[in-house]
Amino acid sequence: MTDGTTAVARPDAPATGRAAERSGGAPRPPFFARGWVRIAGGFVVPLVILAAWQYVTATGIMPPYRLPGPWSVVEAGIELAQRGELWLHIAISVQRVFIGFLAGTAVALVFAALVGLSRAGAVLLAPMLVAIRAVPSLAWVPLLILWFQVGEESKIILIAIGAFFPVYTTVADALRHVDPQLVEAGRTFGLRGWSLFRTVQLPAVVPSVVSGLRLALAQAWLFLVAAELIAASMGLGWMLNDSQQTGRVDRILLAIVLLALLGTITNAILVLFERAVLKRWM
């Protein structure tokens with residue numbers, strides 16, 4: 001009996017040990033939540049689009065004057081880079097987006113605080129800002145050109161307008177919906193004004209602030225193109241307009257690809273900023 005029991009128990013011992021090891025270890029994340037899968041998966045759809053693009057141009061389904069092949073777009077970029085024009089277009093557009101984004105978000109945070117924390121501010125400012133938000137971006141262009149001519153001020157102000165509303169809307173709404181019990185708890189500990197905002201209300205709206213910044217950055221790139229299409233002599237938006245007038249479809253596609261890449265890169269930078277901020281405040 002003892003030998004038989006021992007013989008049965010021995011084969012089970014390694015399996016039991018492995019089960020305990022599995023139960024004691026950290027659970028493996030889902031397949032699509034793994035880091036390398038998320039990175040590699042992000043390239044799948046662009047590669048499929050690139051392959052389809054190459055196929056329809058190589059087989060003649062789309063004529064070159066309507067859709068040049070991918071290599072033609074690369075050659076257009078190399079040509080502009082060798083002439084020193086490509087980097088100048090990129091640098092000017094990035095500078096305009098950066099300055100307009102910072103200006104627009106700074107003003108938006110001030111107005112969001114006034115509307116979200118003050119009933120008087122909500123009554124006096126919120127309706128006007130809702131009306132201004134409904135104005136299309138291109139409607140501002142003639143007025144800005146009339147006031148500021150075609151200089152940098154008109155473009156940066158238009159970009160700032162685009163960056164303003166995503167931050168203002170998300171942060172003001174988040175401030176209005178901070179848990180009243182948290183606010184009352186802070187007041188019972190003697191917190192008032194800035195100390196209450198810094199200790200209780202600001203940590204509660206940090207995720208909304210970061211989300212608003214990412215939306216504002218995307219809006220800034222959209223408004224950049226609107227500004228440079230109409231009132232610019234350099235930049236990626238100007239390159240789009242100039243290439244359309246000269247029939248250079250390869251340069252149009254180059255500008256679109258560059259705008260997509262720059263938008264992705266700047267969004268990735270904000271994602272890193274988001275992780276650092278949330279780690280600090282949450």
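Tutor: The lining of the second largest pocket is made up of 25 nonpolar and 2 polar residues, with no charged residues. The model is a predicted one, and the pocket in it has a volume of about 580 Å³. Its lining counts 27 residues, and those nearest the centre are F101, T105, L213, L270 and F273.

Four helices each supply at least two residues of this lining: α5 (85-117), α8 (152-176), α10 (193-230) and α12. Of these, α5 has the largest share, with 10 residues.

Two of the lining helices, α5 and α8, also pack against each other. Two packed helices are described by the angle between their axes and the distance between the axes. For α5 and α8 the angle is about 35° and the axes are 6 Å apart. Their crossing is right-handed. The contact of α5 with α8 consists of 22 nonpolar, 4 polar and 4 charged residues.

Helix α8 has a further partner in α6, which covers residues 119-133. The axes of α6 and α8 come within 11 Å and cross at roughly 140°. Angles over 145 degrees would count as roughly antiparallel, so α6 is oblique to α8. The crossing of this pair is left-handed. On the α6 side the contact is made by A126, L129, I132 and R133, and on the α8 side by F164, F165, Y168 and T169. Sorted by class, these residues are 6 nonpolar, 1 polar and 1 charged.

The helix α12 leads on to another pocket. It spans residues 249-281 and is among the helices that supply at least two residues each to the lining of the largest pocket, along with α2 (35-41), α3 (44-58) and α4 (70-82). There α12 gives the most, with 9 residues. The largest pocket holds about 850 Å³ of space. It is lined by 24 residues, and the closest to its centre are F43, P46, A260, L261 and T264. By class, its lining has 18 nonpolar, 4 polar and 2 charged residues.

To put the two linings side by side: charged residues number 2 in the lining of the largest pocket, while the lining of the second largest pocket has no charged residues. Helix α12 supplies at least two residues to the lining of the largest pocket and at least two to that of the second largest pocket.

Definitions and conventions: Residues numbered from 1 in each chain as written. Predicted model: local features only at pLDDT ≥ 70, side-chain atom pairs only at ≥ 80, totals over all residues. Heavy atoms only, no water. 1 Å grid on protein atoms, 1.4 Å probe; cavity = no way out; pocket = protein on both sides within 12 Å on 5 of 7 lines; lining within 4 Å. Points joined across faces, edges and corners; volume = space filled by probe spheres on them. Nonpolar A, V, L, I, M, F, W, Y, C, P; charged D, E, K, R; others polar. Axes fitted to C-alpha atoms, helices over the stretch in contact; angles between N-to-C directions. Parallel < 35°, antiparallel > 145°, perpendicular 65-115°, else oblique. Left-handed = near helix turned anticlockwise from the far one by under 90°. Contact = heavy atoms within 4.5 Å.
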